[in-house]
Amino acid sequence: MRDIDKKKWRRVISALKREFPAQRPVKVRTSRLKNAEASTVTGPTGSTIYISSALNFSAAFDALAHEYSHVLDSHERFADHDSQHGETWGVWYSRVYRAMLRVVEDKQ
Ligand SMILES: [Zn+2]
């Protein structure tokens with residue numbers, strides 16, 4: 001990610017945490033991932049979202065919206081793998097994506 005995007009990235013993450021507090025803490029880490037663009041690990045103390053450091057801002061933005069929506073979608077606990085991108089996940093995705101867009105389109 002270019003330096004100019006890093007500030008925007010941090011603003012997006014703090015807006016997400018503010019507007020959509022999860023039941024347990026969510027951390028977002030950028031790191032080298034071998035075979036994925038992003039992944040989320042959830043344990044008893046919260047979730048960590050890993051975003052590949054190889055992604056540019058736009059791809060990282062999409063990946064973060066996708067993964068954060070999984071964290072918020074509590075219906076997933078009862079779903080099998082194929083239905084993890086079901087209706088409730090899609091509703092969260094739409095809310096999360098629009099909130100993130102508001103941050104990057106902010107003209108301040
Ligand atoms: Zn997914």
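This is a predicted model: local features need pLDDT of at least 70, side-chain atom pairs count only at pLDDT 80 or more; totals for chains, interfaces and linings use all residues.

Residue numbers start from 1 along each chain as its sequence is written.

**Select everything.** Helices here are DSSP runs of H or I with at least four residues, strands are runs of E with at least two, and both are numbered from the N terminus. The C-alpha atoms fill a box of roughly 40 × 30 × 25 Å along the principal axes. Of the 108 residues, 21% count as buried, meaning 20 or more other C-beta atoms, placed from the backbone, lie within 10 Å of a residue's own.

**Now select 3-19 and 57-72.** These are helix 1 and helix 2, whose axes come within 11 Å and cross at roughly 15°; the axes are lines fitted to C-alpha atoms over the stretch in contact, with angles from 0 to 180 degrees between N-to-C directions. The two helices are therefore roughly parallel, the word for angles under 35 degrees.

**Show side chains at the contact.** On helix 1, pick Asp 5, Lys 8, Trp 9, Val 12 and Leu 16; on helix 2, pick Phe 57, Ala 60, Phe 61 and Tyr 68. Contact means C-beta atoms, placed from the backbone, within 7 Å. Color by type and you get seven nonpolar, no polar and two charged residues.

Methods
Angles under 35 degrees count as roughly parallel, over 145 as roughly antiparallel, 65 to 115 as roughly perpendicular and the rest as oblique. Two residues are in contact if their C-beta atoms, placed from the backbone, lie within 7 Å. Ala, Val, Leu, Ile, Met, Phe, Trp, Tyr, Cys and Pro count as nonpolar, Asp, Glu, Lys and Arg as charged, and the others, Gly among them, as polar. A residue is buried if 20 or more other C-beta atoms lie within 10 Å of its own, exposed if 12 or fewer, and partly exposed in between; C-beta atoms are placed from the backbone.
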